Amino acid sequence: MVKEIERAGIPVVHMCTVVPISLTVGANRIVPTIAIPHPLGNPNLDPEEEKALRRKLVEKALVALTTDVEEQTVFED
C-alpha cells in the first residue's frame, strides 16, 4: 500500500520494527521503531521517558516525510 500512495504523489513514511520487510515491500522512507509488541513505545519506561521516546520517533518520521529520496532510505539515528 505504501508504494501505491507514493505513486499517487503523496510521500509516506513506513514506521516498522522489521526493516527488511519494509525494504522487501518497497517502502521508500523507513523509520525503525522499538519492538513488535510496542512499535512506538516501551511500557517498561516511566511515563516521561516513554513520551520522550515517542516524540523522538515522530520527529524522525516528520524529517523522513519532508526529505526527498531517490531510493529506499532507512532513517536511523
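Me: Which residues does Met-15 touch, not counting residues up to four places away in sequence?
Reply: This is a predicted model, in which local features need pLDDT of at least 70 and side-chain atom pairs count only at pLDDT 80 or more, while totals for chains, interfaces and linings use all residues. Residues are numbered from 1 along each chain as its sequence is written, and side-chain values use heavy atoms, with hydrogens and water left out. Contact means heavy atoms within 4.5 Å, and by that rule Met-15, with residues up to four places away in sequence not counted, touches Val-31, Thr-33, Leu-40, Leu-57 and Ala-61.

Me: Is Met-15 buried, partly exposed or exposed?
Reply: Met-15 lies in strand β1, residues 13–16, where helices (H or I, at least four residues) and strands (E, at least two) are DSSP runs numbered from the N terminus. Buried means under 20% relative accessible area, exposed means over 50%, and partly exposed is in between, with a 1.4 Å probe and protein chains only. Because its relative accessibility is 29%, Met-15 counts as partly exposed.

Me: How far apart are the C-alpha atoms of Met-15 and Pro-47?
Reply: Along the chain, Met-15 and Pro-47 are 32 residues apart.

Me: Which residue forms a salt bridge with Arg-29?
Reply: A salt bridge is a side-chain nitrogen of Lys or Arg within 4 Å of a carboxyl oxygen of Asp or Glu, and the structure holds 4 of them. For Arg-29, the closest N and O atoms of the pair are 2.8 Å apart, and the partner is Glu-6.

Me: Why does the pair of Arg-29 and Glu-6 tie together parts that are apart in sequence, and by how many residues?
Reply: The salt bridge joins Arg-29 to Glu-6. Arg-29 lies in strand β2 and Glu-6 in helix α1, so the pair ties together parts whose separation in sequence is 23 residues.

Me: Are Arg-29 and Glu-6 buried or exposed?
Reply: Arg-29 has a relative accessible area of 7%, and Glu-6 has one of 18%. Because these are the values for the two residues, Arg-29 and Glu-6 are both buried.

Me: Which backbone oxygen does the side chain of Arg-29 reach?
Reply: Arg-29 is in strand β2, residues 29–32, and among its contacts, leaving aside neighbours within four places in sequence, are His-14, Ala-64 and Phe-75. At 3.0 Å, its side chain reaches the backbone oxygen of Ala-64.

Me: How does the separation of Glu-50 and Arg-54 relate to the helix, and what is it in turns?
Reply: Glu-50 forms a salt bridge with Arg-54, with the closest N and O atoms 3.2 Å apart. Glu-50 counts as buried at 15% relative accessibility, whereas Arg-54 counts as partly exposed at 45%. Because they are 4 residues apart in helix α3 (residues 47–65), the separation is about one helical turn.

Me: Which residues make up the largest nonpolar core?
Reply: A nonpolar core is a set of buried Ala, Val, Leu, Ile, Met, Phe, Trp, Tyr and Cys residues joined through side-chain atoms within 4.5 Å. In soluble globular proteins, nonpolar side chains tend to be buried together. Here the largest such core has 6 residues in all, namely Val-2, Val-12, Cys-16, Val-19, Ala-27 and Ile-30.

Conventions: Polar contact = N/O pair within 3.5 Å; in protein donor to acceptor, adjacent residues only side chain to side chain.
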